[in-house]
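Biologist: Please take a close look at one strand and its partner in this model. Then place that part in the rest of the chain.

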Amino acid sequence: MRNFMHISSFLSGLPRAVCGTLLGGVVSAAAMFVPAPHAHATPLPPNVEKGRYLARAADCEVCHTAEGGTPYAGGRAFSLPGIGVMYAPNITPDKTAGIGAWTDEQFVSAVRKGVSPHGKRLYPAMPYTAYARMSDEEGRDIRAYLATLPPSSQKTPANTIHFPFSIRSLMVFWNMLNGPAASYADDPAQSAEWNRGRYLVEGPGHCGDCHTPRTRTFGLDSSRALGGNIINGWRAYNLTSDRQSGLGAWTDAELAQYLSTGHADGHGTATGDMADVVGHSLRYLSAPDIHAMVVYLRSIPPLHTAEDALERTTPPAGDAALPQNTRGARLYASTCAGCHMADGTGRQSSFATITGARSLGADNGRNLVQVLVQGSGMQTATGVQIMPHFVGGGLSDRDLADIASFVMTHFTTATPHNMEQAVQDAKRAN
């Protein structure tokens, strides 16, 4: 339930109007080995095993876990400029702090209708409009899995949402305009793979909540579905079949590799919110399900978005290819080339290979700047792949701007502009 990651897309649009920044790049390869989360020593009952799979497909853990905290125990804070701070709730089976006292019907109502016990309306930061594509039985299966987790008595801090956004009853009117949706029958004109892919992308995966722009009423803009959007300061890229700004130039194998591992050579490595999606959700999906998502995404009609269009260049291999005639080039050589090398090849790991990544120049290097300012980390089958941030390490805003400018002009044909301002904007939003 990558729910609260989407609050900035919906609620920030009230005065300004959580599948992450797909096609991101620039992740370094410092790996730390960690055990697989929530490993069970004995086989789970079929409904619980199905619930675990669905909870992962729905990306529940990311939003319901505070940084460094107990999984699913809530407490992750989301600061919304002009609106306040919202905290993800505890969804462990604790009867007081969590959802242990809820009935299955109450849980299903919250997941599929956005109505929690006692009629409290949920904000669409919880993507119940997408989860409505799941069945009641699937909701009960997720609940059955959550009931096997260790209960946590961690209390969720009170939200500090400013008036009038604090009036939850207003969500009744939003639902009339924007959802929730409902489960739907398979399209007999399409293949079983396509139908499964549509279910995963539009249902538990709720990819549109990040990758689709919002309307004036802050619902998803169906006319530009999966056409790219700004979420939490990152660019969630175009997922349509457009060859210049979308996925049209990717092969099926490249897209499947990216979704299942977070990296595809020639396209970079997932960062930001998308790294969380891969690390806690997509990498657990079966190969047939990943393939089904590819089949469905391939069928999305092309929609061109200028922000996501990028012409890449391929520097010659070898350190001698690194030009040293600019300040940004010298900074790249001293701070970046140790992992990414002069030609963008990952020195320690393929995850550090950045050549071809859309983030190196698209949208004036928005995601490139975000990575330099925030860093990024992604859970993988072999450990955590980390790209450290460069704030507070002796580099000035101008230094970061010069590095970004060099990367943009060295690996792409993009023309950087106002990069120091872009760095400052990213730092303020962090």
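This is a predicted model: local features need pLDDT of at least 70, side-chain atom pairs count only at pLDDT 80 or more; totals for chains, interfaces and linings use all residues.

Modeller: Strand E3 covers residues 84-87, and strand E4 covers residues 160-161. The two strands pair in the antiparallel sense. Two bridges join E3 to E4.

Now look at the two faces of E3. Gly 84 and Met 86 lie on the covered face. Val 85 and Tyr 87 lie on the uncovered face. In a regular strand, side chains alternate between the two faces of the sheet.

Next, the whole chain. The protein chain has 17 helices and ten strands. Of its 430 residues, 55% are buried. The chain exposes about 17,600 Å². Carbon and sulfur atoms supply 55% of that area.

For a view of a helix, go to Val 423. This residue sits in helix H17, which spans residues 419-429. Val 423 has a relative accessibility of 1%. Buried means under 20%, so Val 423 counts as buried. What does Val 423 touch, leaving out residues up to four places away in sequence? Its contacts are Val 369, Val 373, Asp 397, Leu 400 and Ala 401. Leu 372 is 51 residues from Val 423 in sequence. In space, the C-alpha atoms of Val 423 and Leu 372 are 8.5 Å apart.

Conventions: Residues are numbered from 1 along each chain as its sequence is written. Side-chain values use heavy atoms; hydrogens and water are left out. Helices (H or I, at least four residues) and strands (E, at least two) are DSSP runs, numbered from the N terminus. Buried means under 20% relative accessible area, exposed over 50%, partly exposed in between (1.4 Å probe, protein chains only). Contact means heavy atoms within 4.5 Å. Two strands pair if DSSP finds at least two bridges between them. Accessible areas come from the Shrake-Rupley method with a 1.4 Å probe; for residues, only the protein chains shown count as cover.
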